[in-house]
Amino acid sequence: MSPSGCCSLHDAIVAEKLTKYYGDFLAVDHISFRVRRGEIYGFLGPNGAGKTTTVRMLCGLTRISEGKAYIYGYDINRELVAIKKLIGVVQDISNLYMELSCYDNLMFCAEMYGVPRNKRKERVMDLLSFFGLEDRKHVKFKELSKGLKRRLAIAAALVHEPKLLFLDEPTIGLDVKSKRQIWNFIRKLNEEGITIFLTTHNIYEAFRLCNRIAIINRGKIIAEGTPTELRKKVSGNKIIELQVSPPIKKSAIFDSVDGIIDVKIGHDNTICITIDDTIAALEGILRMVKKLNLEIIMLSLRGADAEDVFIKLIDKTEKNIGFSTGDD
Ligand SMILES: Nc1ncnc2c1ncn2[C@@H]1O[C@H](COP(=O)(O)OP(=O)(O)OP(=O)(O)O)[C@@H](O)[C@H]1O
Ligand SMILES: [Mg+2]
């Protein structure tokens, strides 16, 4: 069977007005995007945004309500058998067997995916070695730490050598070290030519790992681009962080200062000032500090970071968000 031919040779995924209703509830709302072969594409959004539902539609695990999607040119609605050979999926809930060892779990997956009998052992040993699990090959899945469980789950999705790997929140619940290890594995897999579609609610994860990112909120893509492009959407904006003594309690004192877009005062009394004219804002702030006879304890100027970008982009659509912005 050959691909349907809707997509270019550069596309790994093409989604056209992809939509999912659960009953009357619209969980994914006519989203369109393209994932290029060889890239790490991030799907970033808060809880309930529609990330898992999108992954499940793209993998043929749940029916598409409306719209179309193609994987390497194959139509999901009609050519799922061909697609299954090309994709690996690591869902948010692992489907490995608690009582089986790492080795036996992978051998079982290899059999299920139809890896030829004479190739299974070598493939499984390669994966155990790649993920640093060789010395744990006889350890039962249930006895592994969370981080190692996640590694084995990714290994299991790779037994049949897919070209495209879906990772649904691959680092959720992991400590910082395990998270970074998983990031390194994802980068290494990508360097070996595997296209990655990754969902996350962690802004820094998306910015550090992904070539391009779609931001999804309430079932809709509200922004898309490279990390640099997304930063540029709020470009011009810089942040001044200021601590003074005695501390200021009201942001209104900066109302008359030119070049300022927004002022927030944090719990530690750090004043975070978003500016679009550095000179005017600095001059005005310093004038105000002098006038009020305040002592400057800390003053720093920086460009907008990932978190600023997202707060800004999401603020355009709504105020209340549930993104994670740190190493949680
Ligand atoms: N099987 C289902 N039946 C009904 N509603 C569902 C079902 N699965 C998901 N939903 C709803 O669809 C919306 C999108 O859910 P989804 O799990 O895709 O979001 P998500 O972005 O993966 O969220 P999370 O970050 O919490 O994993 C949510 O409002 C959710 O409650
Ligand atoms: Mg989810």
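This is a short walk through one predicted model, from the whole chain down to single residues.

Some ground rules. Residues are numbered from 1 along each chain as its sequence is written, and chains are lettered from A and ligands numbered from 1 in the order in which they are written. Since this is a predicted model, local features need pLDDT of at least 70 and side-chain atom pairs count only at pLDDT 80 or more, while totals for chains, interfaces and linings use all residues.

The chain has ten helices and 14 strands; these are DSSP runs, H or I of at least four residues for helices and E of at least two for strands, numbered from the N terminus. Of its 328 residues, 35% count as buried. Buried means 20 or more other C-beta atoms within 10 Å of the residue's own, exposed means 12 or fewer, and partly exposed is in between, with C-beta atoms placed from the backbone.

Next, the inside. The largest nonpolar core has 73 residues, and Ile71, Leu106, Phe166 and Ile196 have the most contacts inside it. Apart from it lies another core, of ten residues, including Ile240 and Val263. A nonpolar core is a set of buried Ala, Val, Leu, Ile, Met, Phe, Trp, Tyr and Cys residues joined through C-beta atoms within 7 Å.

Now a pair of helices. Helix α5, residues 146-156, packs against helix α6, residues 176-191, at an angle of about 15 degrees, with the axes 9 Å apart. The two are therefore roughly parallel to each other, a label for angles under 35 degrees, where over 145 is roughly antiparallel, 65 to 115 roughly perpendicular and the rest oblique. Axes here are lines fitted to C-alpha atoms, for helices over the stretch in contact, and angles run from 0 to 180 degrees between N-to-C directions.

Is Arg136 buried or exposed? Arg136 is buried, because 20 other C-beta atoms lie within 10 Å. Leaving aside neighbours within four places in sequence, Arg136 is in contact with Cys102, Leu144 and Leu148; contact means C-beta atoms, placed from the backbone, within 7 Å. The C-alpha atoms of Arg136 and Leu148 are separated by 9.6 Å.

Last, some backbone details. His30, in strand β2, has a positive phi of about 50 degrees although it is not a glycine. Glu161, in the loop between α5 and β7, has a positive phi of about 55 degrees, and is not a glycine either. A cis peptide bond joins Ser245 and Pro246, with omega about -10 degrees.

How values were computed
Contact = placed C-beta atoms within 7 Å.
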